[in-house]
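These are my notebook entries on one structure.

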Amino acid sequence: MEPLEQYMQKLAGSTQRNSAFSKDLPFQEWRDGLAAAFTERLGGFPEIAEELQPVLLERIVCSGYTRERIEITTYEGLRMPLYLLIPDQPLTTPAPAVLAIHGHGYGSREIVGLDPGGAERLGDPGLHKDFAVSLAEQGFVVAAPELLGFGDRRLEEDLTSGEPGRNSCFRLSSALLMAGKTMAGYRIYETMRALDYLQTRHEVKGERIGIMGISGGGLVAGFTAALDERIACAVVSGYANTFADSILTRNHCLDNYIPGILREAEMPDLLGLIAPRGLFLESGDADHLFGPRGAKIALARLETIYGAAHHSGQVEADFFTGGHEIHGEPAFAWLRKQLA
């Protein structure tokens, strides 16, 4: 009898990819088919969007930008807070914007320079490196939504645990799976609602909106861009890889798993739905979760897909010396060009 690890690798590797990229299909026909199948695997999205009903929770003037905390309706019965950073000197007026998507940690406050209680953070910014603030400093209007299961959007047992980094991903993901939904699907759709809100703001140039996310936020950023063509370009940090080389090699948070997705395609093909719009990958050479081997495989596959879309130069990567973290400046420079 073969080792169980070997059996599971064979199972994942031999699963028929029904919607994988093929040069035998016209690009748009392939894209439309995989996008529909992917949406179904995620659990689908509401046919009718709820009214956003935005409420301003706070407004703070910071050095170089103004920070607002706003709450909007996403699903019926669900409200989502987000930070909006409005630079004092935008690139243009109205300005291009970027959706900044945090990963695992204590939520949206972690990428806007705040501690878990909302006070200015004085210590180490960690793997996120306050990248929402960095984007505002580039002149972008920045929206940083609070993903379901983090920060203020946790179950009561986690909110009262005294551990700000303790998330509610497992129980929420489990409940969604039992209802035929997925956490990835909910987070992607809620990010689409944050995009809806950005397009209502007079400060924002609605057709020049990008997205950037790290780790689990990279999943949300990449897959939201894949399914919502209003997003002009995407930066995926510490996530772009293959499922086989990342989440299937270790115990990951349940929010990473999408039932049956390998029957449609591997991760690079899903990210390939962004083509021909711009895509930029960040990958640290010491990233222990989404390592460089799988990232380079993903890039090669994406280059093939972008070539088929006749936009080979629209996919780029920054393979940097570092770990599972935001790198920053090369991606910021790329966003400035893409959204100019």
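Predicted model: local features only at pLDDT ≥ 70, side-chain atom pairs only at ≥ 80, totals over all residues.

I looked up Pro94 and found it in the loop between strand 3 and strand 4; strands (E, at least two residues) and helices (H or I, at least four) are DSSP runs, numbered from the N terminus. The peptide bond from Thr93 to Pro94 is cis, with omega near -10 degrees. Residues are numbered from 1 along each chain as its sequence is written, and side-chain values use heavy atoms, with hydrogens and water left out.

I noted another cis peptide bond, from Ala275 to Pro276, with omega near 10 degrees. Pro276 sits in the loop between helix 8 (267-271) and strand 8 (278-284).

Next I checked positive phi values. Asp130 has phi near 50 degrees, a positive value in a residue other than glycine. I place Asp130 in the loop between strand 4 and helix 3 (131-137). Asp130 is buried at a relative accessible area of 17%; buried means under 20% relative accessible area, exposed over 50%, and partly exposed in between (1.4 Å probe, protein chains only). His310, also not a glycine, has a positive phi near 65 degrees. His310 belongs to the loop between helix 9 (292-308) and strand 9, and His310 is exposed, with 70% relative accessibility.

I read an open sheet of 9 strands in the order 1-2-3-5-4-6-7-8-9, with mixed pairing; two strands pair if DSSP finds at least two bridges between them. Which strands stand at the edges? Strand 1 (55-61) and strand 9 (315-320) do, each with a single partner strand, so one side of each has no neighbour in the sheet. On average, neighbouring strands of this sheet are turned by 20 degrees against each other, direction ignored.

Strand 4 (residues 95-101) and strand 5 (residues 141-145) run parallel and are joined by 3 bridges. Val98 stands opposite Val142 in strand 5. Helix 7 (residues 216-227) lies across strand 4, strand 6 and strand 7 (233-237), at about 140 degrees to strand 6. For these angles, axes are lines fitted to C-alpha atoms, for helices over the stretch in contact, and angles run from 0 to 180 degrees between N-to-C directions.

I looked up Arg208 in strand 6 (residues 204-214). Arg208 is partly exposed, at 23% relative accessibility. Leaving out residues up to four places away in sequence, Arg208 touches Pro96, Ala97, Ala232, Gln338, Leu339 and Ala340; contact means heavy atoms within 4.5 Å.

Rings came next. I pair rings of Phe, Tyr and Trp (its six-membered ring) if their centres lie within 6.5 Å; planes under 30 degrees apart count as stacked, over 60 as edge-to-face and the rest as tilted. The count is 9 aromatic pairs. Phe21 and Trp30 are edge-to-face, with 5.2 Å centre to centre and 85 degrees between the planes. Both Phe21 and Trp30 are buried. Tyr75 and Tyr189 have ring centres 4.9 Å apart and planes at 55 degrees, so this pair is tilted. Tyr75 is in the loop between strand 2 (65-73) and strand 3 (79-87) and Tyr189 in helix 6 (residues 183-198), so the pair ties together parts that are 114 residues apart in sequence.

I also found one aromatic cluster made of Phe38, Phe223, Tyr239 and Phe290. Lys296 lies over the face of Phe319, 5.5 Å from the ring centre; the rule asks for NZ of Lys or CZ of Arg within 6 Å of the ring centre and within 35 degrees of the ring normal.

I placed Trp30 in helix 2 (residues 27-41). Its contacts, not counting residues up to four places away in sequence, include Asp269, Gly272, Leu273 and Ile305.

Last, the cysteines. How many disulfides are there? I count 0 disulfides, where a disulfide is a pair of cysteine sulfur atoms within 2.5 Å. The sulfur of Cys253 has its closest cysteine sulfur in Cys169, at 3.8 Å, which is too far for a bond. Cys253 is partly exposed, with a relative accessible area of 22%, whereas Cys233 is buried at 1%.
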